[in-house]
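Welcome! Please take a moment to look at the sequence and the 3D structure below, and keep both at hand for the exercises.

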Amino acid sequence: MTGELSYAKGAAVIGGGSGGLGAAVAVRLAGAGVPVVVTYHSNADRARELCDQVSAGGGDCTAVRCDLTDPDAVDELLADAGRRHGRVAQVVYAAGPSFGFHFIGQIPNEEWHRVVHTDVHGAFHLTQSAVRTFKEQGDGGNLVALITSATGRVAPADILSAGPKAAIETLVKGVARECGRFGIRANCVGPGWIDSGLGASVWQTEVTEAQRRKILNEMIPLRRLGAAEDVAWAVAFLCSEQAAFITGQTLAVDGGAQV
Ligand SMILES: NC(=O)c1ccc[n+]([C@@H]2O[C@H](COP(=O)([O-])OP(=O)(O)OC[C@H]3O[C@@H](n4cnc5c(N)ncnc54)[C@H](OP(=O)(O)O)[C@@H]3O)[C@@H](O)[C@H]2O)c1
């Protein structure tokens, strides 16, 4: 009994590994000895740097370009990871489009369609392919999707985040309900304001100094932004064998913002 997290044998496929949070998940799982396959869409350099970082630490990381909105490409991603590593044990959805804050009445139609298409359809294809892969392998599997902690209480001008993520949260609960009998677990992690990736860029470009003070002093009880590693630890736990009886849940990592 070492007190460390342990993992089922097989690879972790991380959709969105070139992003701030996906990269942190990859580093955390690879550091625990899990071979990771990370996807990128446009940022090949970032994916390569991530794999170099993981390799330098003794881990096993492969970067694959994949458009998650293309179901055939997603099926090939998982099949290739299975061939390469014997089986796929974990699938993590950590991708998603960038977007800004808009009040509902002011969202351009094409922006709504772009965000829903990339996020909901991307998560759906990865989830469906994961379920099929786990069933074919015959010995269970584990899905974790990054959503947002704000699906239950939507902040003004935040529906482009919360709307698609609510659909993904329901999808994941559906997998937990339908597939538990195959040994498949499915959970979500709900980040709040995280100082990495999309959150960091929005914080720097769209949030005024007065809004930052209000968010930190009044909206987040722990009074800081989260770190990518805070999210990665939650994903790592839900992926681990120590979370073997947890499914259909959303774990918020938001400093208490939704309390
Ligand atoms: N950071 C936060 O504060 C925060 C808070 C709440 C929720 N979240 C959610 O957590 C997830 C990860 O966030 P993040 O901050 O790490 O975002 P990020 O840094 O912007 O990374 C987004 C990732 O999604 C990939 N991607 C975009 N479109 C894609 C497509 N069509 N097919 C495949 N991959 C695609 C990007 O690939 P390329 O870069 O290679 O194109 C990148 O790997 C997102 O769903 C986000 O909404 C983040």
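This is a predicted model: local features need pLDDT of at least 70, side-chain atom pairs count only at pLDDT 80 or more; totals for chains, interfaces and linings use all residues.

Residues are numbered from 1 along each chain as its sequence is written, and side-chain values use heavy atoms, with hydrogens and water left out.

**Exercise 1. Find the order of the strands in the open sheet and its edge strands.**

Step 1. Helices (H or I, at least four residues) and strands (E, at least two) are DSSP runs, numbered from the N terminus. Two strands pair if DSSP finds at least two bridges between them.

Step 2. Reading across the open sheet of 7 strands gives β3-β2-β1-β4-β5-β6-β7, with parallel pairing.

Step 3. β3 (61–65) and β7 (250–253) each pair on one side only, and they are the edge strands.

Step 4. On average, neighbouring strands of this sheet are turned by 20° against each other, direction ignored. Axes here are lines fitted to C-alpha atoms, for helices over the stretch in contact, and angles run from 0 to 180 degrees between N-to-C directions.

**Exercise 2. Look at β2 (residues 36–40): how many of its residues are buried, and which way do they point?**

Step 1. Buried means under 20% relative accessible area, exposed over 50%, and partly exposed in between (1.4 Å probe, protein chains only).

Step 2. In β2, 5 of its 5 residues are buried.

Step 3. V36, V38 and Y40 point one way, and V37 and T39 the other way.

Step 4. β2 pairs with β1 in the parallel sense over 3 bridges, and V38 is the bridge partner of I14.

**Exercise 3. Describe how α4 and α5 pack.**

Step 1. The axes of α4 and α5 are 9 Å apart, and the packing angle is about 15°.

Step 2. Angles under 35 degrees count as roughly parallel, over 145 as roughly antiparallel, 65 to 115 as roughly perpendicular and the rest as oblique. So α4 is roughly parallel to α5.

Step 3. Contact means heavy atoms within 4.5 Å. Among the residues that make the contact are W112 and F124 of α4, and L160 and I168 of α5.

**Exercise 4. Work out which residues of α6 (residues 197–206) are buried and where they lie.**

Step 1. The buried residues of α6 are G199, A200, V202 and W203.

Step 2. Seen down the axis of α6, these buried residues fall within an arc of 165°, so they line one face of the helix. The arc is that of the directions from the helix axis to the C-beta atoms.

Step 3. Turned away from that buried side is a face with the exposed residues Q204 and T205.

Step 4. The buried residues of α6 pack against α7 (209–219).

**Exercise 5. Take A157 and R223: where is each found, and is each buried or exposed?**

Step 1. A157 is found in the loop between β5 and α5. A157 is not a glycine, yet its phi is positive, at about 70°.

Step 2. With a relative accessible area of 17%, A157 is buried.

Step 3. R223 is found in the loop between α7 and α8. Phi of R223 is near 55°, a positive value in a residue other than glycine.

Step 4. R223 has 53% relative accessibility and counts as exposed.
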